[in-house]
Amino acid sequence: MTGPMAWSGVRAVCFDLGGTLVRPEPVATTGQVAEVLGISLEEARALMGKGAKRRLVSPRDLAHELADHFGRSALAGPLAEVLERARCRAEDPQLYPEVPDTLVALRERGFALFAMTNALGSSVPEQEPEVFRTLLDGVFYSARTGAIKPEREAFAAVERASGLRPEELLHVGDSVDADVRGASSAGWLTAWLDRHRAPEGLVPAASTPRLHSLDSLSLLLPTHSGSSTIAPEVAG
């Protein structure tokens, strides 16, 4: 069952960032790094998941680390350009059109609102973008928590900061593995945002509603009186 009855205990909604709240680049930063290094996307993802997404690091320092790792010091400059651009985009995120109104509506109905992302440490902005400070109660970056989705600890970080139990949290994201399965394994409620209308066979589970836009999320959540928020400085 999904909808107001199944989600009657939800007190907070946590969103993925890229592809869910924020418009991603045509080629993700990790993909651009892979192109510069001449390695596969899978190899780049595995490498970033071991370290660069679990700690804060400057774009230039990460560029030199990557270039040195592959013994190609001449690529430090091009890598730094890619990573600096990614940092600039993170400082000025471009939201999908329906996102501001959806978040405002949920906030007015009393839900605490968070975001959680597997972010390169070089892409984490030094100061939270104003749009996030305005619309969200906190953003959890893997480079600050040290855990990446779908790991249980990534979701536990939100639970600790919010003081909420897993069954009180709903996670909304576009990745079946990282977002839906990760949150489900943590005991959270889940919604899959499928903006690109994937084949029917990819629907993760009957208990997870499939949304094509965040507009419809409000229809599935109950009306709450009062609010539940945390101080932004404890997030992440």
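Me: What share of the residues of the chain counts as buried?
Reply: This is a predicted model, and in it the chain has 236 residues. Taking a residue as buried when its relative accessible area is under 20%, the share of the chain that counts as buried is 51%.

Me: What is the mean pLDDT of the chain?
Reply: In this predicted model 89% of the residues reach a pLDDT of 70 or more, although over residues 225–236 the pLDDT is below 50. For the chain, the mean pLDDT is 91.

Me: How many residues apart in sequence are the parts that Arg195 and Glu98 tie together?
Reply: The side chains of Arg195 and Glu98 meet in a salt bridge, with N to O at 2.8 Å, and Arg195 and Glu98 are both buried. Arg195 lies in the loop between strand S5 and strand S6, while Glu98 lies in the loop between helix H4 and helix H5, so the pair ties together parts whose separation in sequence is 97 residues.

Me: Is Asp137, which forms a salt bridge with Arg107, buried or exposed?
Reply: The closest N and O atoms of Arg107 and Asp137 are 3.6 Å apart. Arg107, in helix H5, is partly exposed with a relative accessible area of 26%. For Asp137 the relative accessible area is 7%, and because buried means under 20%, Asp137 counts as buried.

Me: Which residues are linked with Arg165 in a network of salt bridges?
Reply: Arg165 and Glu167 meet through their side chains at 2.8 Å, N to O. Arg165 is partly exposed at 47%, and Glu167 is partly exposed at 44%. The network links Arg165 with Arg11, Glu167 and Glu168.

Conventions: Residues numbered from 1 in each chain as written. Predicted model: local features only at pLDDT ≥ 70, side-chain atom pairs only at ≥ 80, totals over all residues. Heavy atoms only, no water. Buried < 20%, exposed > 50% of the residue type's maximum accessible area, 1.4 Å probe, protein only. pLDDT = per-residue confidence, 0-100. Contact = heavy atoms within 4.5 Å. Salt bridge = Lys/Arg side-chain N within 4 Å of Asp/Glu carboxyl O. Helix = DSSP H or I, 4+ residues; strand = E, 2+ residues; numbered from the N terminus.
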